[in-house]
Amino acid sequence: MLKQTEGSHAVAEAVALCRPQVICAYPITPQTHIVEGLGEMVKAGELVNCEYINVESEFAAMSVAIGASAAGARTYTATSSQGLLFMAEAVYNAAGLGLPIVMTIGNRAIGAPINIWNDHSDSMSMRDAGWIQLYAETNQEALDLHIQAFRLAEELVCPVMVCMDGFILTHAYERVDMPTQRQVDAFLPPYVPRQVLDPSDPVSIGALVGPEAFTEVRYLSHHKQLRALGLIPELAAEFKKTFGRESGGLIRTYRSEDAETIVVALGSLNGTVQEVVDAMRESGSRIGSVSICSFRPFPLAVLREALRSAKRVVVLEKCLAVGLGGIVSDGVRKSLSGIQLNGYTVIAGLGGRAITRASLTRLFEDAERDELEQVTFLDLNADVVSHELERESRTRRTGPTAEAILRRIGTVASQIG
Amino acid sequence: MFQIRIHGRGGQGVVSGAEMLSVAAFLEGRYAQAFPSFGSERMGAPVMAFCRIDDKEIRLREPVLDPDALIVQDQTLLHQVDLFSGLPARGYILINSTQSFDELGLGGFVRGVQQYRLSTLPATELALKHVGRAVPNAALLGGFAATTGVIGLASVLAAIREKFPAAIAEKNVAAAREAFDIATHAREAIDA
Amino acid sequence: MDTQIKFYQTGTFTVGNRLLTEEQRTVQADMHRTNSLNSGHRACQGCGEALGARYAIDAAMRATGNQLIAVNATGCLEVFSTPYPETSWQIPWIHSLFGNAAAVATGVAAAQRVLGRTDVRVIAQGGDGGTTDIGFGCLSGMFERNDDVLYICYDNEAYMNTGVQRSSATPPTARTATTPAVGTAPGNVFGTGKNVPLIAMAHRIPYVATASVANLRDLEQKVTHAMEIHGARYIHIFVPCPLGWGSAPEDTILIARLAIECGLFPLFEAHDGKVTSRTPIRRQVPVTEYLNKQKRFAHLFGKTPDTARIDQMQRMADQNIADFGLLQ
């Protein structure tokens, strides 16, 4: 059924349709509306057979999820940014124990400096924890991916993170097509555990594993993600059959078949990128884009196929490997192993900075002329940076950096965008 | 695509206003996108919300930098925030105020521009009259519908009814209706 | 509680009670006890925790008709009971992390409710490190929500598995690797430390109790009683650690009894935040009798005993006796 609703509410409704049995909730901007929405549904009796637990921290949230999942319940939670870091130990634990928990990440920057706006640094910080990571381009895809996520998680017994841009998607009102309960039930059968805490058949879960077996256990989790490379497109295809639309999959290409310049990005940014691609195509540029949906497992093979004939690739990243440059770029470069083409990393949108058509157009035009640095920070205020560096070279007691920069930039509230 | 930017302060329903606008467009079978831009979440801080309306799927995610219409819910922002940034000369401006453009100190800015695209509306007064609370968003949407013709009054009222519980919804509906009438008369007066 | 026949438990032998009716016998006396923590684990000789865990879990198994799931924090118990690829546990058991046993147990309990398994009960267990320190946040959260979990803390008063480091359960003057017996005030200092049973009571959860491996019957009764209650429950069990305390392995139960009899470890029960019963001290002993059996307190004794600090320990014990009315 078509609805005009807030992204987080759409996700809450979709999760509810998946018949979760245990939901743990801890508030953090910008995902809070999701768990609030689910809490209301449980309290109002709309979401039945579901235990909703208000936990005391994100660490507790993931821990409660671990217990519930290990005991055979379909389990869900959501977090962002600092919250994801706070539960980091448990995030690795869930993957290591092989528990099919589904978690929404309302992507938000990680401090310090504290920042509530969108970028991908949070989910990127957990990229090697063993979770499957899927990125949504739109609110429709965000809600669809949750349905696919439970199915994927339970088939592989591997936890899945569905990432959606904080504020940009979570707080955006958009049209979505909400599936029916019957459609979701047809796609997502009840959870049948591979391992479960059950007095009638006792097992010990979480034993110490020494050097003699640890590598094999790790290898098997890697193998699981490699299997996911096949299962993800299969599920997306099945999803299309049941629900009638494309959602998910490993990557999605846009006008890239004959493109000389291909832009790679994750999440909602792809919408703006496609607008710019269309405009530049009008002016004769041979430009296209690729949206990566499955970041873990990283789709090396399909990405290689999509990029191999281009002259250059521009990877737009909403994250930063401090001291190195790009994170997504690493994966892209790896997929192009042996293929010669120019690769550019562009760090954009950190801490929620708006990524505009105008800036992207200038950027892509520079790329077309191969006049880009290896690593570029989009819309970096060079004046502010050089002023700060100069100040630091003059004095030892410079005070907190962020405050100094903010003072120079002036009141933010009076500016647009 | 038609782009609207709404300015106000926290607590004035700026974000809900944008959301209702998007719902109104949806009810007319169109695509709409509404999203906020906030700073720290506190009452009184300047807040912006954006709405895009189109007849095909909206992919763009940047803030509305070149709005076709501006709604200003709080006139005290006029000389504090760069409100008119990106607004083309033929753009719509709807300001919540009992004062005229000259009285607001905007006379110089608006001279030379097609007058009928500019209007003020005593939305707070209408809200106080009908709802009893100084939240001008519903009234401004009624005024917006009349001024721009981009959205129909019926859709605005339906969106208001979706947003609020029944009793409060009807009060907001009344405010929106009166605003619509006021704005329609103002337009007619200018055209006449 | 047993009012008809008084038992004087001397040493470790007297667990079988042929003079008693079946219902009054201990679980451990039963040939058909579940042995939930089976033999073959890798605990040290004389480990109080292994003993306490077996006592407690077997009692819980009997009380629940063997419908029990255990959640274990990282620590000695977890490590020695599950040396890969073996496990000593004959019940469903999960180990997640060091600090989250209470939260994981909350999740397991929630799953039982939603799966309609109203008969299956959940125990979370950990050492003092995983309970009073790193697990404290999750513990308090579980208490506050009144989740249907019995949390058992096996308190050997330090982080033993990592080499005897101080925890907030370490008593004053005790030597640990991070409170070494050097300087003017050797060992742990006075004025620090956390009393988790009292904190649990402050949460007003349905049931809090302290117990000891020196009083098997009392421990079993407390666990059994706890399993009759639904909601958050906490039992704090005193378990000597021969390795960490520098005591003889065969003295584990004796030392646990001396801790009770000198007043340093009061045995009591509380319901809904109020003390409802205590086990009186049968034969009071001075703290020195307890302290001088453990090398971790050795620096208090010797040629020039640290009488000031020993006296301070005695005053602590006396305060407990007064507070809990242990000599009535």
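Author: Contact here means heavy atoms within 4.5 Å. The model under discussion is predicted.

Reader: On that basis, which pair of chains shares the most contacts?

Author: Of the 2 pairs of chains in contact, chains A and C share the most contacts. Chain B and chain C are joined by no contact, and their closest C-alpha atoms lie 27 Å apart.

Reader: How many residues of chain B are in contact with chain A?

Author: On the chain B side there are 34 residues, in contact with 33 residues of chain A.

Reader: What area is buried between chain B and chain A?

Author: The size of an interface is often given as the accessible area lost when the parts come together. Between chain B and chain A about 2700 Å² is buried, and carbon and sulfur atoms give 56% of that area. Within chain B, the residues that lose the most area to chain A are Phe26(B), Arg59(B) and Arg61(B), together 30% of what that side buries.

Reader: How many salt bridges and polar contacts are counted between chain B and chain A?

Author: The count is 5 salt bridges between these chains. A salt bridge joins the side chains of Glu275(A) and Arg59(B), with an N to O distance of 3.1 Å. Four elements of chain B, namely β1 (2–9), α1 (14–27), β2 (31–37) and β3 (46–54), each supply at least two residues of the side that touches chain A. The largest share of that side comes from β2(B), with 6 residues.

Reader: Which residues make the nonpolar surface patch?

Author: Leu350(A), Val375(A), Phe377(A), Leu380(A), Val385(A) and Leu389(A) make a nonpolar surface patch of about 460 Å².

Reader: Why does Phe377(A) count as partly exposed?

Author: Phe377(A), which lies in strand β16 of chain A, counts as partly exposed because its relative accessibility is 35%.

Terms used:
Residues numbered from 1 in each chain as written. Chains lettered and ligands numbered in written order. Predicted model: local features only at pLDDT ≥ 70, side-chain atom pairs only at ≥ 80, totals over all residues. Heavy atoms only, no water. Patch = residues over 30% accessible without salt bridge, like charges linked within 9 Å, V, L, I, M, F, W, Y side chains within 5 Å. Areas by Shrake-Rupley, 256 points an atom, 1.4 Å probe, with all protein chains shown as cover. Salt bridge = Lys/Arg side-chain N within 4 Å of Asp/Glu carboxyl O. Buried < 20%, exposed > 50% of the residue type's maximum accessible area, 1.4 Å probe, protein only. Buried area = accessible area lost by both parts, 1.4 Å probe.
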